[in-house]
Amino acid sequence: MIIANPLYDTAFKGLISDHEVAKVLIGTLLQTEVLKVEPMVTEHIKPMKDDDLRPKCLRLDYAALIKNEKGEEQKILIEVQKATGAENILRFREYLAVAGYMKKDEEESPLQIVTIYFLGFKLENVPTPCLKVARQYVDMLENKVLKTKEKFVELLTHDSFVIQTPRINTIENPKTELEKILSVFEQRNFVDGKETAINYTHPVENASVKKMIKILQYIYTDPEERKKMDEEAYWNTHDENTTGVLLKAQEELRKTREDLVKAQQKNKNIAKELKLDGMPVEKISKLTGLTIEEIEKL
């Protein structure tokens with residue numbers, strides 16, 4: 001069956017904005033029961049002009065009512081963010097700086113934050129498609145994990161979930177609830193060159209996955225939604241050939257400068273040792289490329 005690629009902002013927003021889908025996704029990752037989700041803030045960053053170098057990502061916030069480990073009802077803030085490039089990291093940090101102070105009203109205290117990141121790129125050192133980063137309370141004097149929680153710590157730190165969509169590879173039919181949900185975001189079996197649509201080939205028996213597939217099928221077949229995705233595909237290509245090339249060149253220049261600084265420092269260290277050994281500064285200059293004045297200052 002053909003579905004809209006959920007990594008596109010239009011499809012992702014349509015999918016995750018559904019309350020039942022949001023509850024299932026959050027509950028499956030947190031491994032807890034989600035009683036209620038309530039959207040709080042939505043921010044959608046898109047390119048507005050050719051010289052706009054701002055990272056583009058989609059952000060959806062939910063106030064979620066869950067059952068914690070003690071079986072008690074607890075309200076937390078869920079940050080769901082989707083990005084296609086590693087340059088979005090700074091944008092993520094800006095969002096969290098704001099989210100940490102978000103309240104439902106003036107009488108409520110800030111909510112504990114849990115972040116969920118959907119990435120359209122691979123992290124170099126993390127091979128798993130679904131990563132959980134969980135906190136621990138550690139007594140450093142006794143070197144032991146404490147089985148406790150403190151509101152002060154909970155509000156200033158947070159757990160995170162990172163989903164690398166390019167690493168999702170459900171060759172066999174997904175078996176667990178998590179595998180079934182992740183399979184919907186798998187980035188393969190594209191049916192067009194713009195990668196806006198995917199041929200989903202796995203059995204759809206799970207009720208939650210059925211609803212996700214139904215939403216993505218509607219987005220794929222609806223003319224207005226398709227138009228939005230085509231426009232997004234155009235901007236993606238546009239950015240890759242303009243701002244993407246510039247950002248890549250800037251990154252290469254930064255690395256070149258870092259390598260140059262390291263090489264200069266290495267030469268200075270060598271020159272200093274040779275100078276201590278009594279080698280003439282003129283010869284040291286020829287060997288290291290440093291000027292005589294630079295060597296004399298060492």
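Is Gln31 buried or exposed? In this predicted model, Gln31 is exposed, with a relative accessible area of 69%. Exposed here means over 50%, so a value of 69% places Gln31 in that class.

Gln31 is found in the loop between helix 2 (19–30) and strand 2 (34–44). The phi of Gln31 is near 55 degrees. That is a positive value in a residue other than glycine. Most residues other than glycine have a negative phi.

Helix 2 itself has 12 residues. From its first C-alpha to its last, helix 2 reaches 16 Å. This is close to the 16 Å expected at 1.5 Å a residue. At the start of helix 2, Asp18 supplies a side-chain oxygen that reaches to within 3.1 Å of the backbone nitrogen of Glu20. The buried residues in helix 2 include Val21, Ala22, Leu25 and Ile26. Gly27, Thr28, Leu29 and Leu30 are buried in helix 2 as well.

A positive phi also occurs at Asn143, again near 55 degrees and again in a residue other than glycine. Asn143 is found in the loop between strand 7 (137–139) and strand 8 (144–146). The relative accessible area of Asn143 is 66%, so Asn143 is exposed.

Helix 6 comes next. Helix 6 covers residues 207–221, which makes 15 residues. At 1.5 Å a residue, these should span 21 Å. The buried residues of helix 6 are Ser208, Val209, Met212, Ile213, Ile215, Leu216 and Ile219. They cover an arc of only 160 degrees around the axis, which puts them on the same side of helix 6. On the other side of helix 6, Ala207, Lys214, Tyr218 and Thr221 are exposed. At the start of helix 6, Asn206 contributes a side-chain oxygen, within 2.8 Å of the backbone nitrogen of Ser208. Ser208 is itself among the buried residues of helix 6.

Helix 9 (residues 281–288) has the buried residues Val281, Ile284, Ser285 and Thr288. They cover an arc of only 105 degrees around the axis, so they are on the same side of helix 9. Lys286 and Leu287 are exposed on the other side of helix 9. Just after helix 9, Gly289 takes a positive phi of about 85 degrees.

The strands supply several buried residues. Glu79 has its place in strand 4 (residues 73–83). The relative accessibility of Glu79 is 0%. Buried means under 20%, so Glu79 counts as buried. A polar contact of 2.8 Å joins the side chain of Glu79 to that of Gln81. Val80 is also placed in strand 4. With a relative accessible area of 1%, Val80 is buried. Val80 and Leu60 are 20 residues apart in sequence. In space, their C-alpha atoms are 5.1 Å apart.

Asp159 lies in strand 9 (residues 159–164). At 18% relative accessibility, Asp159 counts as buried. The cut-off for buried is under 20%, so the value of 18% falls within it. The side chain of Asp159 makes a polar contact with the side chain of Arg135, at 2.9 Å.

About 60 Å³ of space lies in the largest cavity. Its lining includes Ser183, Glu186, Arg188 and Asn189. Ile198, Asn199, Tyr200, Thr201 and His202 line the largest cavity too. By class, the lining residues divide into two nonpolar, five polar and two charged.

Definitions and conventions
Residues numbered from 1 in each chain as written. Predicted model: local features only at pLDDT ≥ 70, side-chain atom pairs only at ≥ 80, totals over all residues. Heavy atoms only, no water. 1 Å grid on protein atoms, 1.4 Å probe; cavity = no way out; pocket = protein on both sides within 12 Å on 5 of 7 lines; lining within 4 Å. Points joined across faces, edges and corners; volume = space filled by probe spheres on them. Nonpolar A, V, L, I, M, F, W, Y, C, P; charged D, E, K, R; others polar. Helix = DSSP H or I, 4+ residues; strand = E, 2+ residues; numbered from the N terminus. Expected span 1.5 Å × (residues − 1). Buried < 20%, exposed > 50% of the residue type's maximum accessible area, 1.4 Å probe, protein only. Arc of directions from axis to C-beta. Polar contact = N/O pair within 3.5 Å; in protein donor to acceptor, adjacent residues only side chain to side chain.
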